[in-house]
Amino acid sequence: GMSGVKVTDCDAASGATAYAGATGENGGNNENWDFISDVASWIGGTSGDFTAPANWSGLSAPKAGTVVSIVAGDNEQITVTVPATTNAEFASLLLIAADGGSATLVAKGALATSGDVTVDARGILILDKYEDTGVAPNRIGGNFVVKSGGKVTHSGPAATENAKVHLAVEGDFRIEEGGTINVSGKGYAMTKG
């Protein structure tokens, strides 16, 4: 996604939706462009504070309806943590890192998207929120894709049961070869439970 750009005569129909951000200007004759959704890209380096406005493009922490991307460069290890007191509500989410890097989102609170979630190469999605009632607190309104090198897990192990991957996907759910959902060794800590 971009932000604050003017787009004219651009056909993006052959790929994924292109985002110009709510501050983008639609010059007309554009196919498959979104000029409504806000766009937030992580720029905070390795600090990890999801709520700090300075850590996001546009200097505003993502709010409901925002297209969110966390992209790590070569050998860059980024871990962004959404506190348990904050629900992450996005339009979509992308996690991806270049060689030697990792782009991790730790959702201590509920994660909800109206659109797609893509956990791409060296992206890690850690979902810790769960409900014993059976209603999944983490909801993806679009498609969920875990690409080769992507990983979904939770933060365990611990002395108490404090995290589970508890997720509902309303669209298609695809795990590509080399992608994983792995909670091995994430139950109770040794001699607990």
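In this predicted model, Phe173 has a relative accessibility of 45% and therefore counts as partly exposed, since that class lies between the 20% limit for buried and the 50% limit for exposed residues. Its aromatic partner is Phe144, and the two rings are stacked, with 5.1 Å from centre to centre and 20° between the planes. Because Phe144 belongs to strand E14 (residues 144-146) and Phe173 to strand E17 (residues 173-175), the pair ties together parts that are 29 residues apart in sequence. Phe144 itself is buried, at a relative accessible area of 0%.

Across the whole structure, a search returns four aromatic pairs. In one of them, Trp42 and Trp56, the ring centres are 5.0 Å apart and the planes stand at 85°, so the arrangement is edge-to-face. Both tryptophans sit in the loop between strand E5 (38-41) and E6, 14 residues apart, and both are buried. Together with Phe50 and Phe90, Trp42 and Trp56 make up one aromatic cluster.

Val68 lies in strand E6 (residues 66-72) and is buried, with a relative accessible area of 2%. Asp38 is 30 residues from Val68 in sequence, yet the C-alpha to C-alpha separation is 8.7 Å.

Turning to the sheet, five strands are arranged in the order E7-E9-E12-E15-E18, forming an open sheet with parallel pairing. Strands E7 (77-82) and E18 (180-181) are at the edges, each pairing on one side only. Within the sheet, E12 (residues 123-127) and E15 (residues 151-153) are joined by three parallel bridges, and Leu125 has Val152 of E15 as its bridge partner.

Definitions and conventions
Residues are numbered from 1 along each chain as its sequence is written. This is a predicted model: local features need pLDDT of at least 70, side-chain atom pairs count only at pLDDT 80 or more; totals for chains, interfaces and linings use all residues. Side-chain values use heavy atoms; hydrogens and water are left out. Two strands pair if DSSP finds at least two bridges between them. Helices (H or I, at least four residues) and strands (E, at least two) are DSSP runs, numbered from the N terminus. Buried means under 20% relative accessible area, exposed over 50%, partly exposed in between (1.4 Å probe, protein chains only). Rings of Phe, Tyr and Trp (its six-membered ring) pair if their centres lie within 6.5 Å; planes under 30 degrees apart count as stacked, over 60 as edge-to-face and the rest as tilted.
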